[in-house]
Structure formats: C-alpha cells, structure tokens
Amino acid sequence: MANSIGKIILTSPDEPEREYIIATPIVRVGRAPEPQNDLVLNHSWVSRAHLRIYCDRLPVRVQDMRSSNGTALNDIPLPADEIREMKNGDVLSIGPFRLRLALTPEQPVEQAPAQPAPAAVEEMRTRVDSERALAALRLLQTPKAPAPPPPEAPQELQVAERPPERWVGVPDTASRWLQYLPPIYAEDEFLGRFLLIFEDMLGPLEQIINHFDLFLDPSTAPEPFLPWLDRWLAGIMDERWPAPVKRDLLRRASWLYQMRGTRVALEYQLRVCSGCQVEIQENIDGAHTFYVIVQQQDNPVDLRLIERIIDLNRPAHTTYQVKVSSVT
C-alpha cells in the first residue's frame, strides 16, 4: 500500500506468522471483533480494548487502554494510559502474542535532470537578479531606526507559570485516580497516597465490571462462578464433576436443550459425564425401548450417575436397560 508507513508482524506459538498492513491513523488492538478493533487477537488474556497504536505521524506511539493483563514494550511493562514512543523493530508483548513494528524506509525523491533554459528565460533571470541586487544595496545604505525597547511585562505576569509538561501523568507513588481530578490536586502528595486505599479496595471490583463478559463464557469463567451459570441454565451439571466436564456441558447447553430426548444428545452427555465410551441401541426389545451399552475402562462405572442422566433426558414413554462391558 503506497500510503502505509509500515506493517505489524504478528507471531504466536499456535499460529503462523502473519502481517497487518498499517492503513489507518490509529490501529486498535483487542479481543472484540471488528469494527471495535482493527487488529483482533482472539485470546482470553487479551482485553476487549487492549491497546492503541498511533500511526498518524512519526514517531509511532502506543497506549495501553487499562488492559487486565497488561502490555510490555521490549519486555518492559507499559503503564496504563501512558503514551510511549516506538521505534522500528520494537516488539509489543500481549499474552502469547508478539507484535513487531516494521516501518517502511523513506524513499529519496528522484529529481529530474535540469533542462537547458531558452535564451529568453536566461535573460529574464539575469534582469530579476540585477533588480534584487539593487534593492538589497538600497536597504544597506538606508540608516536603521533604533529598535524600541521591549515592553515590560505587567507585574501579575511575572509570576512563574507552571510548565505544561508538569502534568504529564500520575506519579508512581500516587493513585492513578488522580488523573480524573483537576491537575492542581496532583501537587498534594498526601491525597495521592490516600486514594491508594480506595483504589486497592475497589480495584478488583472495577476489573470484574470491566471484564464481566469473561465470567459469562464457560471457557474463561472462574471455577467458583460455574455453579451460577448452571443455575441460569436450569441445572444441567453435578457439583461432583471436574471443572473440564462442567465447562464442556455449559458450552453445549443450548445444543443439549435443542436435541434433548434424542440418541445423539444422550450419548454425548453420558460419554462426557462418565468418561466412558457409550453406545445406544434402539428398539431391541420392541418399540420405545433401548439399550445403553457402557464400555468400562480403568475407572469403575457409576451406574447411579448413568441412570440419573438417562432418567432426566430420555422420553417419558420409553424404557431402557444399562449394560456394562469391559474393554478387552
């Protein structure tokens, strides 16, 4: 792309290397899909709006948007909300991803060889140069008037003003909540340390609110929150099951409800919950009957669990028998 200042080379352990051509003044990076982000990184360690890369001019700048797991520039953690400059070849670390900045080198402008000017053009240039020389000579011969002394500044303007660079960010020893107050409060060291108390108390709650979507995904929800998701889905799991089994059932809860009462859904649920190979044979002893054949492996089969799952998901007018076979 002719107007691009470069590209971002993205690498991760589980994906091949790919390139993102910089085509916008601001490159938004995060887990949320387009159009919220320009470069989408689908991973639980990446926040929905993780960082921004400002490419409207050189040097390129980067800003971490208060991501939950943070960002590192050349293996140095970036403070939240602070803008840092990036050079060609710098690497951003976001979870398992590495983003290397590759700027396009500036191409020298090729100048066309000078063409010999016609005689009329040369004569015009000579005349213009002569007039400029005469005008400069007259200015040198004209006496200059003494420059007036600079006006004295009023008394109220002689007070030293605060330089604009003084309020760049929040000091490391103060609360980051100072950035939401007028800059004059940053001069109070006690207030910066006092707000740290409330930031430590409410910080975890703020992180939960900002990333609550992770709690609603069975793949990323904390294990103590899985029973809450199960209650919202009318209880499809047992509290004694391991966490991977619970997450698998919660991810497929919608499909299990749609396919409830079918052989495919019942086989799948029995296989996931028991950890054994399960086969269902229908209409063996007549209509509306079926056999559940469970292949016993290393662990013993919990028949009470098998029967409980079958009774909750089979059609009410059917009968069944459970047969346990050993794997040879």
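Is threonine 289 buried or exposed in this model? Threonine 289 is buried, with a relative accessible area of 15%, where buried means under 20% relative accessible area, exposed over 50% and partly exposed in between (1.4 Å probe, protein chains only). A word on the source: this is a predicted model, in which local features need pLDDT of at least 70 and side-chain atom pairs count only at pLDDT 80 or more, while totals for chains, interfaces and linings use all residues. Residues are numbered from 1 along each chain as its sequence is written, and side-chain values use heavy atoms, with hydrogens and water left out.

**View 1. The whole chain, for orientation.** The protein chain has seven helices and 14 strands; helices (H or I, at least four residues) and strands (E, at least two) are DSSP runs, numbered from the N terminus. Of its 328 residues, 30% count as buried. Take the contacts in the chain with a separation of 6 or more: residues 24 or more positions apart account for 37% of them. Contact here means heavy atoms within 4.5 Å.

View 2. Threonine 289 belongs to strand E13 (residues 289-296). Its side chain reaches the backbone nitrogen of aspartate 285 at 3.4 Å. That is a polar contact, meaning a pair of N or O atoms within 3.5 Å; within protein, one must be able to donate a hydrogen and the other to accept it, and residues adjacent in sequence count only if both atoms are side-chain atoms. Setting aside neighbours within four places in sequence, threonine 289 is in contact with Gln281, Glu282, Asn283, Ile284 and Thr319. Histidine 288 sits in the loop between strand E12 (277-282) and E13. Histidine 288 is not a glycine, yet has a positive phi of about 65°, and with a relative accessible area of 47% it is partly exposed.

**View 3. Aspartate 90, a buried loop residue.** Look for aspartate 90 in the loop between strand E9 (83-86) and strand E10 (91-94). It counts as buried, at 7% relative accessibility. The side chain of aspartate 90 makes a polar contact with the side chain of asparagine 74 (3.2 Å), and a polar atom of the aspartate 90 side chain lies 2.7 Å from the backbone nitrogen of lysine 87. Not counting residues up to four places away in sequence, aspartate 90 touches Leu73, Asn74, Glu85, Leu99, Arg100 and Leu101.

View 4. Helix H4 (residues 243-251) is mostly covered, with seven of its nine residues buried. Those are Ala243, Val245, Lys246, Arg247, Asp248, Leu249 and Leu250. The cover includes helix H3 (226-232), helix H5 (253-258) and helix H6 (263-274). The axes of H4 and H6 come within 9 Å and cross at roughly 160°; axes are lines fitted to C-alpha atoms, for helices over the stretch in contact, and angles run from 0 to 180 degrees between N-to-C directions. That makes H4 roughly antiparallel to H6, since angles over 145 degrees count as roughly antiparallel, under 35 as roughly parallel, 65 to 115 as roughly perpendicular and the rest as oblique. On the H4 side, Val245, Asp248 and Leu249 meet Tyr268, Gln269, Val272 and Cys273 in H6. By class, this contact has five nonpolar, one polar and one charged residues. Ala, Val, Leu, Ile, Met, Phe, Trp, Tyr, Cys and Pro count as nonpolar, Asp, Glu, Lys and Arg as charged, and the others, Gly among them, as polar.

**View 5. H6 against H7.** H6 and helix H7 (residues 303-313) pack at an angle of about 150°, with their axes 10 Å apart. H6 and H7 are therefore roughly antiparallel to each other. Leu266, Gln269, Leu270, Cys273 and Ser274 of H6 make the contact with Leu305, Ile306, Ile309, Ile310 and Asn313 of H7. These residues divide into seven nonpolar, three polar and no charged.

**View 6. Two cis prolines in loops.** The peptide bond from glutamate 34 to proline 35 is cis, with omega near 5°, and proline 35 falls in the loop between E3 and strand E4 (39-40). Leucine 58 and proline 59 are also joined by a cis peptide bond, with omega about 0°. Proline 59 is in the loop between strand E5 (51-54) and strand E6 (60-64).
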